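Here are my notes for a colleague who is meeting this structure for the first time. They are set out as numbered points, to be read beside the sequence and the model.

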Amino acid sequence: MNLSHFIDRRKNPKGKSLGNRQRFLKRARAQIKEAVNKSLRERSLKEIDKGEKISIPSKSTAEPRFRLDPDTGKRHPVHPGNKEFGEGDKIKKPPKGAGRGQGKQASTDGDSEDNFQFTLTQEEFLDIFFEDLELPNLVKRSLKEIKATAWKRAGVTVAGSPSNLNLVRTMRNAHGRRLALRRPSTREMNALKERLFELERIAQPTEEQVAERKAVIAELEAMERRRRWAPFIDPLDVRYNAYEPTPVETTAAVMFCLMDVSGSMGEREKDLAKRFYMLLYLFLKRRYERVEVVFIRHTHHAEEVDEETFFYSRQSGGTVVSTALEKMLEVQTDRFPASEWNIYVAQASDGFTQSGDAKRCVEILEESVMGISQYYAYIEILDERELEVFSSEDSGAELWRAYRGFAPKWPNFAQTRIARPQDIFPVFRELFARNKAEAA
Amino acid sequence: MGETLERNTILFDAADWDFDKLKETYNAIEEIALNDLGLNVYTNQIEIISSEQMLDAYSSHGMPLMYKHWSFGKHFARDQIMYQKGYTGLAYEIVINSDPCISYLMEENTMTMQALVMAHAAFGHNHFFKNNYLFRQWTDAEGILSYLDFAKKYIAKCEDEYGLEEVEAILDAAHALMDQGVFRYNRPPRLSEADRLAKLARRAEHEEMTFNDIWRTLPNVEEDDDEKEERQAEVRNIKLPEENLLYFIEKASPILRPWQRELVRIVRNIAQYFYPQKQTKVMNEGCATFVHHYIMNALYNNGLIGEGAIMEFLHSHSSVVFQPEFDDPRYSGINPYALGFAMMEDIKRICEAPTEEDREWFPDFAGAKDWRGVLKDAWANFRDESFILQYLSPKVMRDFRLFAIADDAKENFVAVSAIHDERGFRRVRERLAAMYDLGVHEANIQVVAADLDGDRILHLRHEMHAGRKLSGKTRDAVVTHIETLWGHEVKLEEKAA
């Protein structure tokens with residue numbers, strides 16, 4: 001009978017093909033990036049955070065082999081399922097393009113000539129998406145009192161908790177000490193005991209043997225004493241791994257997200273604004289562990305809300321944009337002193353506000369906000385028709401014009417417009433592109 | 001066999017499996033396979049894996065050990081999406097031509113499926129691998145796993161040493177030539193794993209003895225004089241035209257460094273290892289299907305599996321051997337499982353109950369009773385092309401309603417050249433056999449000249465068969481890959497035979 005055996009491999013480490021996958025993604029990087037950007041434009045708010053099925057031109061990852069051209073020469077294939085053909089029958093070929101490849105449908109094939117489809121995980125998707133984006137002007141490094149600490153290995157100590165016992169060191173010390181103190185080994189003792197038993201078994205020992213027996217017993221006792229005196233492990237030998245807290249340098253930054261949710265913002269505008277913030281939020285969450293995000297939404301009255309409310313709850317009312325700025329300043333003075341934090345503000349609005357309020361906004365910006373902010377981005381959400389009307393940079397709604405007037409004075413101020421979902425991404429890139437960060 | 005006592009107790013009656021049931025069922029299957037069918041197999045090693053691991057194995061030629069390359073990642077991504085979307089199911093098993101013979105069972109399979117798969121892979125394929133002349137002669141079942149292990153480590157080391165891109169460039173180019181990287185006619189030099197490892201070990205030892213830290217970053221960057229002399233002697237021995245492009249390039253390329261030659265050799269050895277499988281799809285699958293069909297029925301007849309299990313088995317068996325007709329949207333050529341199984345069942349029938357027609361067509365074995373012997377002889381000594389030419393019976397041609405077509409690209413019609421009737425049987429059979437002749441379907445490209453001391457241009461010739469040219473879509477891309485390996489101009493001409 002053959003020997004055979006079963007092996008359960010299910011518990012083997014997963015992701016054996018991870019290396020291959022990384023190589024593949026690297027290989028098709030440019031195409032994948034393009035596909036990711038394209039797909040993001042078409043995604044809904046809730047889906048933005050998910051993995052994605054993308055499709056890239058297969059040319060970049062083609063594996064060419066020599067193939068015979070099916071449109072040349074003579075072939076003699078054999079097929080099954082003859083119904084009415086007889087020898088010598090002639091059958092007209094179907095016109096080129098039609099009827100070809102009827103067996104396997106190209107659409108389900110995944111590896112058809114033009115495109116290659118596969119799924120990116122959420123990780124990979126966002127990584128690629130946010131590649132080379134960065135917050136501009138992250139200058140005030142480590143101004144804030146450093147809070148984060150990490151435990152670092154710091155040699156060994158003689159005191160510690162049992163869980164940190166350094167077994168190797170401990171045993172090594174013990175071994176050295178046992179050698180130095182000449183602790184009798186168990187083997188030596190066993191040999192002597194063996195000898196003793198032998199001597200005791202002798203019925204009528206000679207005098208010599210009696211003397212030897214006594215000597216052996218004395219020796220054994222001495223050894224026992226010595227062993228007690230030099231134990232196998234002594235508290236002196238024990239060593240523990242030591243850890244000490246080390247401060248970790250972090251950059252303290254806060255991002256204020258101000259959004260207009262008033263009645264003048266239709267569902268479409270709100271959705272656009274939310275998408276923008278969602279993107280911003282994902283970007284920050286991914287890139288900066290230590291960035292605080294403050295969500296402020298406003299109608300004629302502003303309030304600080306949590307992420308969930310900000311993105312998913314509805315509200316409407318009149319519009320007073322300056323309330324949001326005031327609220328933001330209030331939160332900022334309260335919790336994020338400018339001396340310790342890098343401050344970023346992103347504001348989205350349809351540009352309409354109570355008459356006179358635009359002026360007030362500019363005042364607040366000029367007097368306090370711009371002075372303390374690293375970067376201020378204003379995003380105006382437009383109707384598609386308005387986009388045509390306001391084709392020039394200078395014309396626009398009240399707030400746009402007001403901001404336009406003061407913007408040139410502040411290099412850390414940016415304003416831009418979004419009218420369609422597909423604008424969001426380029427605008428986002430424009431605001432946070434890495435080279436911009438370097439230039440500023 | 002300890003199990004004989006339990007002959008009539010049913011082995012399993014539920015879909016769930018556990019290792020005890022697997023073991024018992026395996027023993028029952030083994031008894032039939034060895035004592036009834038008289039198969040001769042490598043020791044079996046059966047591994048249970050999850051569907052993700054199955055996908056993993058899929059994407060790298062079904063091998064448990066494979067070096068890393070982006071194309072495997074690409075195949076994995078494609079297979080994964082196809083599987084998740086339900087376009088394709090996963091194979092129930094993968095089996096590896098190695099000694100011991102490794103079969104993978106998926107954990108999702110029901111107990112009946114596990115039994116089927118064990119019979120199919122661990123005995124059917126296993127017997128075929130061990131006995132078929134192509135495998136015996138051209139592959140090294142004992143050495144393949146350690147060779148792949150070596151290849152994987154070697155390539156990983158090269159990636160560390162020379163960078164991913166450098167390694168990738170060579171592998172990409174070599175992969176493009178895998179179809180032209182095999183010895184078809186003369187026997188290939190053995191993997192000679194032992195020799196190779198010994199040589200590498202000697203080299204490592206030498207390096208250790210002459211260790212000098214300054215040189216450490218540059219191991220084997222250039223070959224020493226002995227190696228060069230040895231290689232050039234081999235090149236002088238090559239008689240042109242040479243059909244194995246990878247072999248020629250590996251030995252004669254003017255620009256490759258020793259590690260790059262090693263990479264080319266690895267790809268070439270793997271291509272050669274898979275070459276017999278390409279030529280025996282019908283026979284290999286037919287053999288495995290015949291064996292699992294026989295064993296499952298024997299289990300049922302012995303009362304070892306119940307009605308439920310045999311029904312489940314028949315359901316999946318019949319979908320495995322389903323042959324859509326040419327005008328069916330599901331049609332994508334002849335199903336090797338269907339053809340192989342039908343032919344082998346028919347051989348059994350001809351042995352046991354031959355008709356007049358059979359006696360005329362197969363005087364050698366019609367009525368020969370010992371169908372086991374006849375089948376085993378066929379499994380051992382034929383490949384698809386010769387097997388069909390020798391054993392395809394009129395009955396199978398009738399059952400499949402096979403017809404042959406003459407398709408000349410210059411005409412706007414195709415002609416039916418033969419059908420499954422008295423006049424056409426022989427021609428249909430010849431045509432069908434020719435479809436399994438790789439020489440007809442793969443481009444036959446040979447090295448015809450290369451002046452290594454002169455212009456160093458590599459001259460290749462495509463020996464055209466039946467006027468079929470190379471497809472322009474890939475031709476230039478592959479030639480570019482060859483130029484990467486050759487380092488100088490490559491000229492490819494097409495010559496009508």
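1. How many residues does the contact take from chain A, and how many from chain B? This is a predicted model, and in it the contact takes 60 residues from chain A and 82 residues from chain B. On the side of chain A that touches chain B, at least two residues each come from strand E1 (4-8), helix H1 (18-27), strand E3 (74-75), strand E4 (78-79), strand E5 (90-92) and strand E6 (115-120) of chain A. Of the elements of chain A, H1(A) gives the most to this side, with 6 residues. Sorted by class, the residues on the side of chain A that touches chain B are 15 nonpolar, 22 polar and 23 charged.

2. Chain A has 15 helices and 14 strands, and of its 440 residues 28% are buried. Chain B has 21 helices and 8 strands, and of its 497 residues 44% are buried. Among contacts with a separation of 6 or more, residues 24 or more positions apart account for 81% in chain A and for 72% in chain B.

3. In chain A, an open sheet is formed by 6 strands in the order E11-E10-E9-E12-E13-E14, with mixed pairing. Strand E11 (302-305) and strand E14 (413-418) of chain A stand at the edges and have a single partner strand each, so one side of each is left without a neighbour in the sheet. From one strand to the next, the twist of this sheet averages 20°.

4. Which strands pair with E13(A) in the parallel sense? One of them is strand E12 (residues 342-349) of chain A, which pairs with E13(A) in the parallel sense over 6 bridges, and here A:Tyr344 stands opposite A:Tyr375 in E13(A). Another is E14(A), which is joined to E13(A) by 6 bridges and runs parallel to it, with A:Gln415 in E14(A) as the bridge partner of A:Tyr378.

5. Is strand E13 (residues 375-381) of chain A largely enclosed or left open by the rest of the structure? Because 7 of the 7 residues of E13(A) are buried, the strand is largely enclosed by the rest of the structure.

6. Helix H10 (residues 321-335) of chain A deserves a point of its own. The axis of H10(A) and that of helix H11 (residues 357-372) of chain A come within 8 Å and cross at roughly 20°; H10(A) and H11(A) are therefore roughly parallel to each other, and H10(A) passes H11(A) in a left-handed crossing. From H10(A), the contact is made by A:Val321, A:Ser322, A:Leu325, A:Glu326 and A:Leu329, and from H11(A) by A:Asp357, A:Arg360, A:Cys361, A:Ile364, A:Ser368 and A:Val369. By class, this contact of H10(A) with H11(A) has 6 nonpolar, 2 polar and 3 charged residues. In relation to the strands, H10(A) lies across strand E9 (253-260), strand E10 (291-298), E11 and E12 of chain A, and runs at about 150° to E10(A).

7. Chain B has an open sheet of 3 strands in the order E6-E7-E8, and its pairing is mixed. Strand E6 (445-450) and strand E8 (490-496) of chain B are at the edges, each with a single partner strand, so one side of each is left without a neighbour in the sheet. The twist of this sheet averages 30° from one strand to the next. Strand E7 (residues 458-464) of chain B is joined to E8(B) by 7 bridges, the two running parallel, and B:His459 stands opposite B:Lys491 in E8(B). Helix H21 (residues 472-486) of chain B packs on the sheet and touches E7 and E8 of chain B, its direction making about 135° with that of E8(B).

How values were computed
Residues are numbered from 1 along each chain as its sequence is written. Chains are lettered from A and ligands numbered from 1 in the order in which they are written. This is a predicted model: local features need pLDDT of at least 70, side-chain atom pairs count only at pLDDT 80 or more; totals for chains, interfaces and linings use all residues. Two residues are in contact if their C-beta atoms, placed from the backbone, lie within 7 Å. Helices (H or I, at least four residues) and strands (E, at least two) are DSSP runs, numbered from the N terminus. Ala, Val, Leu, Ile, Met, Phe, Trp, Tyr, Cys and Pro count as nonpolar, Asp, Glu, Lys and Arg as charged, and the others, Gly among them, as polar. Axes are lines fitted to C-alpha atoms, for helices over the stretch in contact, and angles run from 0 to 180 degrees between N-to-C directions. Angles under 35 degrees count as roughly parallel, over 145 as roughly antiparallel, 65 to 115 as roughly perpendicular and the rest as oblique. A crossing is left-handed if the near helix is turned anticlockwise from the far one by less than a right angle, and right-handed if clockwise. Two strands pair if DSSP finds at least two bridges between them. A residue is buried if 20 or more other C-beta atoms lie within 10 Å of its own, exposed if 12 or fewer, and partly exposed in between; C-beta atoms are placed from the backbone.
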